[in-house]
Amino acid sequence: MTLLRTLGIETSCDETAVAVLDADGRIESEAIASQASSHARYGGVVPELASREHLQALPWLMDRALAAAARPPELVAVTAGPGLVGALLVGVRYAAAFAWGRSLPLVAVDHLEAHLASPFLDSDGGPAASMPERVLALVASGGHSSWYLVDETGSRRLCRTRDDAAGESFDKVAQALGLPYPGGPVVDRIARTGDPGAVPLPRPRLADSRLDFSFSGLKSAAVRWIREHSLAAGGGVEPDRAVRDLLASFERAVVEQLLAPLDELVDEHRPLLLTASGGVAANTELRRRLQERADALGLGVRLPARRLTTDNAAMVARAGQLAHARGCWSDPRRLDARPREAWQPPGMRGLSTTGGGV
C-alpha cells in the first residue's frame, strides 16, 4: 500500500504534540509541550486549562516541527477522540484549517488506535516496523486499560477495566501520599526499592466477567492503608520503608490485574506478538513481567520507547498514515471532535459488543 508523508497533531488531553513522518514511517521531526507543571497543583488535568494551553502551544509547535522536516507533508492526521472535548477541538480545528488551506487530505484518528501503532515506531529514526497478522495488544494509560486483538480486519477490544484506569489509580495513590503529579513515574521510581509482598492488597475479580478487571477496590484498599498507617511521602525527602513497601505492593497488584487475562487471551486468539502501549507501558514492573510471560508462552514482545508511551503526535501520524492507505479520509469542513470512546473513525477501530466508555 502507498503511504504518504504525514503530519500528526495530538491534543486529546494535556500534551500538545506535532510530528512529521516520512512515507516509511520514520520520525523526521517532533515538537511537544507538556502541561504537567500547570496541572500539578490540582492533582489532575483541568479541562479548561488544558484547552487554553493547547491554543497557546500549537502554532509554535507546528512551526518548529515543519521547519525540522525534510519536506512538506502530503497528509494531515489529527486525534479526534476520545479525550477532553475542548482539548480535542483545538487540534481538530487547527488540523482541518491546515489541510483545507493547503488542499491536503485529512484523516481523523482514534487516540487508542494511535497507541496501538506506537510499539512499531522507531524512536532512533529508523522506518516503522510492519505489524504481524495477529497482535494481542494492551493499552494502559490514565484514561484507558484494555486488551485488543489487532488483525487484518482492524482492532477489536477483548476486555477492559470496568472502573478506574491503571494510570489513574497510580495518580490517586500517589496523591494520597503527597507525591507530585503525575504519579506513575514517581511510583515506578520509589517502588524499585520496596518489598512488593509487604502489604496485602486485593486483586478484585468480577462476577459477571472472566476477563474484565477492576482497579477501584484496589485503589481504595491502598488509600485506606495509607490513612490507617498515617503514611506520607511529601516534604522533598526520600520516602521511608513503609511508603516504599506500600508502593511496591500496589504496583505489583496493578500489574497482576493488567496481565491476569493474558493466558486465556493467548489460548483463544493465538497471537503472533504481544505489545503494550500507553503511559503505563513505561512502568518498569509491567515491562519486565510482560516479557517474562511472553517468554513462557513462546511469544515475542514489542514495547514502545518510553518517550513514545505517553501521548505523542508520531503515533497519531502513523495511525493516520495507515488508515489513509486503507481508504479512510475526513472532510475538513465537517470534522468534529468525538470525546467518547464509543466513536471510531470509519474503517478503523471496531469495539466489542460490550461497548461502554472507560
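Predicted model: local features only at pLDDT ≥ 70, side-chain atom pairs only at ≥ 80, totals over all residues.
Helices (H or I, at least four residues) and strands (E, at least two) are DSSP runs, numbered from the N terminus.

Residues are numbered from 1 along each chain as its sequence is written, and side-chain values use heavy atoms, with hydrogens and water left out.

I start with the loops. Ser103 sits in the loop between H3 and strand E5 (106-110). Its phi is near 55 degrees, a positive value in a residue other than glycine. Is Ser103 buried or exposed? Buried means under 20% relative accessible area, exposed means over 50%, and partly exposed is in between, with a 1.4 Å probe and protein chains only. Ser103 has a relative accessible area of 68%, so it is exposed.

Arg270 also has a positive phi without being glycine, near 50 degrees. You will find Arg270 in the loop between helix H9 (262-269) and strand E9 (273-277). It counts as exposed because its relative accessibility is 51%.

Next, two cis peptide bonds. One runs from Gly81 to Pro82, with omega near -10 degrees, and Pro82 belongs to the loop between strand E4 (75-81) and helix H3 (85-102). The other runs from Tyr181 to Pro182, with omega near -5 degrees. Pro182 is in the loop between helix H5 (166-176) and helix H6 (183-191).

That brings me to H5. Its buried residues are Ala166, Gly167, Ser169, Phe170, Asp171, Val173 and Ala174. What covers them includes strand E7 (145-151), H6, helix H7 (216-228) and helix H8 (241-259), where contact means heavy atoms within 4.5 Å. After H5 comes Gly178, with a positive phi near 85 degrees.

A pocket is found on a 1 Å grid over the protein atoms alone: it is an open set of points where a 1.4 Å probe fits, with protein on both sides within 12 Å along at least five of seven lines, and lining residues have an atom within 4 Å of a point. The space in the largest pocket is about 1,200 Å³; grid points are joined across faces, edges and corners, and the volume is the space filled by probe spheres set on the points.

Which residues lie nearest the centre of the largest pocket? They are Cys13, Ser141, Gly142, Gly143 and Asp171, out of 44 lining residues. The lining divides into 15 nonpolar, 18 polar and 11 charged. Here Ala, Val, Leu, Ile, Met, Phe, Trp, Tyr, Cys and Pro count as nonpolar, Asp, Glu, Lys and Arg as charged, and the others, Gly among them, as polar.

Last, strand E6. All 6 of the 6 residues of E6 (residues 135-140) are buried, so E6 is largely enclosed by the rest of the structure. Val135, Ala137 and Val139 are buried on one side, and Leu136, Leu138 and Ala140 on the other.

Two strands pair if DSSP finds at least two bridges between them. E6 pairs with E7 in the antiparallel sense over 6 bridges, and a hairpin of 4 residues joins the two. With E9, E6 pairs in the parallel sense over 5 bridges. Leu136 has Leu149 as its bridge partner in E7 and stands opposite Leu274 in E9.
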